[in-house]
Amino acid sequence: MSDRVPPIAATPLAPDPGATAAGAEALIRLVGVHKAFGGKHVLNGLDLEVRRGETFVILGPSGTGKSVLLKLLVGLLKPDRGEIWVGRQRVDGARDRELWEIRGRIGYLFQSSALINWLTVAENVALPLSEHTRLRPHEIDQRVDEYLGKVHMLQSKYQMPGELSGGQKRRVALARVLAGTPTIILYDEPTAGLDPVMTQNIAALIRSVQLEFGVTSILVTHDLPCASEAGDRVAFVDGGKVVHCDTTEQFMHTDHPAVRNFLRGGRPVVPGAPR
Amino acid sequence: MIRFFSFLGRTLEEAMQGTGQTVELFGRAALQVRHCWKRRRFLLDQLYTCGIRPLPVVLVVALFTGMILALQTGIELDRFGAKDRIASIIGLGLCREMGPFMTALILTASVGSGIAAEIGTMKVSEEIDALEILSIRPESFLVMPRLVAMAIVTPLLTFVTDIVGILGGCLVSATRLRIAPEQYLKNVVESLSEVLTYGGLPKDLYTGLVKAFVFGVIIATVGSSAGLRASGGAIGVGRATRSSVIQSFVLVIVVGYYLTSFFYT
């Protein structure tokens with residue numbers, strides 16, 4: 001059993017003063033990644049680089065493999081071809097033990113929140129601590145309070161996930177992610193199905209997590225306000241490839257036809273959905 | 001014709017794959033038994049779910065099985081003037097075969113299906129993925145407590161089934177066949193005590209409990225494996241639950257035959 005969580009003062013989530021997004025080294029790299037399900041090619045030679053300390057947004061229509069990309073990064077899916085690197089470790093083809101090691105550095109916020117339904121909010125947040133550290137119960141409790149406080153969910157500590165709203169579940173899931181002290185956080189549609197106010201809250205939370213903890217984040221979304229609020233750089237994925245990538249500000253004013261079309265809402269997010 | 005063989009091939013391949021995954025899961029979960037103390041809370045939860053919750057059904061089924069057995073065999077034996085043999089038939093029949101089989105089938109329907117549905121729902125709602133990303137092994141967190149709980153409670157419930165079934169037989173023997181309860185119980189004890197094994201435990205009882213232990217392991221492993229392979233939302237969970245019940249039923253019967261053959265030939 002490894003003790004992955006050092007005392008709060010020395011937590012690896014503490015911002016690295018030297019690490020800035022602009023000009024920083026690439027922490028995550030995908031090179032020529034292909035992935036198909038049955039006969040359907042979801043990723044088609046995708047190349048991507050995410051710099052240390054930045055929040056990188058992946059934007060694109062539904063069904064273009066954005067969530068698949070995140071699952072490839074944590075080894076939940078295997079690419080058909082291509083290379084996936086997290087730091088100096090190669091994810092594709094990694095053995096079980098290496099994969100556990102890589103996952104130890106990554107937090108994943110699921111679209112469905114994926115809280116364990118038969119555990120309370122506090123027990124959910126405590127999971128990474130009780131599983132991977134030798135902290136005593138009162139120390140775990142203290143940490144749980146701390147992380148729940150950061151996402152403003154301390155008052156729901158003893159509630160069951162089924163008693164929470166969608167936005168509250170996402171915040172608890174984020175607290176659980178933070179409790180794992182990751183250096184990389186992957187957000188899969190964190191604002192899907194939330195109202196505009198909650199969307200803004202989540203986006204602000206993502207930004208504050210990056211500023212406070214200096215983590216590298218990948219945010220998969222098709223929510224433009226969330227992307228512009230939280231992102232440092234944005235990549236537009238279509239046809240299984242990155243078709244355009246730029247800083248958030250420049251991205252929102254780009255002349256790239258596919259991006260402009262998407263930003264103007266020229267392509268429905270859900271094909272066939274009423275506009 | 002080609003389509004038929006292609007379907008047959010695919011079905012066989014899936015069945016072999018499923019079997020392989022189930023055996024592998026059992027191996028991995030068995031290795032996690034060393035973490036029992038760490039997971040004691042989940043283990044206690046599972047002991048309650050697998051052992052206490054199905055108890056009322058087990059009691060009712062056991063009681064009436066003993067009664068039916070006494071009634072059916074008693075009437076026939078009475079025609080040949082051998083109704084005194086009814087106690088040995090019920091005692092041996094229940095302890096050797098019917099007790100473990102009935103308990104296993106009740107647990108397959110009530111607990112095994114529950115395990116498959118619960119883990120299957122967790123699978124389709126990405127909770128299993130979340131555990132894996134948190135570097136928590138599902139076989140340790142979810143499967144092992146269920147496996148250990150079932151391995152403990154199945155023999156215990158089988159013992160309860162044996163006792164209650166014998167008492168059910170006693171009830172019918174006393175009221176319908178006019179056999180004194182003392183005589184009936186004495187005959188049961190005598191027939192069970194004919195062959196004793198370790199620590200003076202009757203062989204017929206002991207083999208039944210060993211069978212029950214194996215059945216408990218089968219039900220927990222098959223249920224968990226089906227759940228972990230679930231995909232495709234609610235329909236997938238339903239499919240996993242159904243297949244876990246069918247597989248467990250078949251395995252319990254087939255393995256039961258080989259265990260009987262091992263112990264008695």
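Me: How many residues of chain B are in contact with chain A, and how many of chain A with chain B?
Reply: This is a predicted model, in which local features need pLDDT of at least 70, side-chain atom pairs count only at pLDDT 80 or more, and totals for chains, interfaces and linings use all residues. Residues are numbered from 1 along each chain as its sequence is written, while chains are lettered from A and ligands numbered from 1 in the order in which they are written. Two residues are in contact if their C-beta atoms, placed from the backbone, lie within 7 Å. On that criterion the numbers are 10 residues of chain B and 16 residues of chain A.

Me: Which strands of chain A are the edge strands of the open sheet of 4 strands?
Reply: Strands (E, at least two residues) and helices (H or I, at least four) are DSSP runs numbered from the N terminus, and two strands pair if DSSP finds at least two bridges between them. The sheet is antiparallel, in the order S2-S1-S4-S5 of chain A. Each edge strand pairs on one side only, and these strands are S2(A) and S5(A) (89-90).

Me: Which residue in the hairpin of S1(A) and S2(A) takes a positive phi?
Reply: S1(A) (residues 26-37) and S2(A) (residues 40-51) pair in the antiparallel sense over 9 bridges. Leu30(A) has Leu48(A) as its bridge partner, and His34(A) stands opposite Asn44(A). There are 2 residues between the strands, and the positive phi, near 65°, belongs to Gly38(A).

Me: Is Ala114(A) buried or exposed?
Reply: Ala114(A) lies in the loop between strand S6 (106-109) and helix H3 (121-132) of chain A, and its phi is positive, near 55°. Most residues other than glycine have a negative phi. A residue is buried if 20 or more other C-beta atoms lie within 10 Å of its own, exposed if 12 or fewer, and partly exposed in between, with C-beta atoms placed from the backbone. Because Ala114(A) has 25 other C-beta atoms within 10 Å, Ala114(A) is buried.
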